[in-house]
Amino acid sequence: MDRLRKFVAPKRHGIFVISDRHSGILAAMQKSGWCEPHDHHRFCVRHLAANFIATHRKSGLKDKVVQLAYQVHPKKFELLWNQLITIEPRTTDWFETRPVMKWSLAFDEGKRFGIMTINHAESWNTAILDARKLPITSLVKELFGKIVEYFDKRRVAIALQSANGQMFTKFANQMLRRAATRASGHHVKLFDRETWLFQVVTRKVGLKGGNSHTVRIKESTCTCGKWQTYRIMCSHLIACCVNIKLKYEMFVGDWYKLENVAKVYGGKFEPIPTKGDPRWPLEINFAKVTHDKSVQKKKGRRKSTRLKNEMDNQVPCKKKNTSSAAP
């Protein structure tokens with residue numbers, strides 16, 4: 001984190017970090033160069049909920065915390081918050097040192113684009129699980145190979161999507177289809193054509209629906225909060241665009257366009273050089289590392305010191321066959 005702060009953060013602002021609140025990361029993010037308003041730190045909701053139930057062991061609390069964190073509308077957030085406090089009054093004390101903007105979409109100010117967990121990093125950790133046990137040279141080679149494979153697969157996937165005429169990522173397309181389906185049942189009223197101010201009333205089905213939302217297209221806001229949070233238009237905005245015959249795809253954020261996603265994986269890699277390769281350095285001044293003979297090395301692989309908890313996806317142990325052999 002210190003290296004990123006020194007070499008990356010000064011060159012560009014708006015860097016956004018999601019973490020499991022590890023003490024080292026918290027300390028790094030409080031240093032000059034990482035602080036708000038230039039850069040932003042948010043908490044992984046999965047880890048937050050796991051830490052919460054470690055001290056508040058009532059049934060259903062974990063799901064309540066996760067549901068609360070994912071809520072994008074402040075009024076609905078307050079409703080869920082009051083429900084949580086009713087079940088567990090100590091909730092208020094526990095969250096005192098955890099600012100609401102760090103873990104809630106409703107008060108996030110649109111910084112995290114709806115990304116609530118560090119699953120991206122955890123999936124990478126799972127992919128390199130075996131490699132982490134290798135000696136350092138083999139570890140670096142294995143990680144390098146994984147990255148090359150990772151980039152290649154995504155380049156191919158993006159190229160296929162573009163060839164099929166798609167403009168946006170799969171996530172954006174899914175949200176657009178869902179929003180377009182809901183928009184067909186909305187009632188739209190135009191208040192100001194010059195500023196594109198609308199009132200949208202959702203269709204009432206049973207006890208749900210019948211809600212009124214204000215859409216301000218030129219200000220890129222909707223009172224539902226989804227447009228500001230995900231940078232993808234909500235069903236209310238789509239209904240407004242259909243009403244005035246405006247192409248709503250133009251309001252999808254640039255971050256979801258395939259042409260921009262392709263740039264993320266545009267980097268090229270070269271095979272690691274070996275002796276005889278023109279790229280092999282002629283002079284290597286690295287210090288020679290040798291084993292300390294005074295340290296007694298035991299036979300076999302060292303036991304891992306990693307402490308597993310409920311966050312780890314552990315493979316269940318296979319039961320030994322205790323049945324007696326047939327005579």
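Phe-95 counts as buried, at 6% relative accessibility. Buried means under 20% relative accessible area, exposed over 50%, and partly exposed in between (1.4 Å probe, protein chains only). The model is predicted: local features need pLDDT of at least 70, side-chain atom pairs count only at pLDDT 80 or more, and totals for chains, interfaces and linings use all residues. Residues are numbered from 1 along each chain as its sequence is written, and side-chain values use heavy atoms, without hydrogens and water.

The structure holds 17 aromatic pairs. Rings of Phe, Tyr and Trp (its six-membered ring) pair if their centres lie within 6.5 Å; planes under 30 degrees apart count as stacked, over 60 as edge-to-face and the rest as tilted. Trp-94 and Phe-95 form an edge-to-face pair, 4.9 Å centre to centre with 80 degrees between the planes. Trp-94 is buried, at 12% relative accessibility. Ring pairs join Trp-94 and Phe-95 to Phe-52, Phe-77, Trp-81, Trp-103 and Phe-107 in a cluster.

Charged groups also lie over rings. Here, NZ of Lys or CZ of Arg must be within 6 Å of the ring centre and within 35 degrees of the ring normal. Arg-98 lies over the face of Trp-94, 3.6 Å from the ring centre. The charged end of Arg-21 sits over Phe-43, 5.0 Å from the centre of its ring.

A further edge-to-face pair is formed by Phe-113 and Trp-255, at 4.9 Å centre to centre and 70 degrees between the planes. Trp-255 is exposed, with a relative accessible area of 52%.
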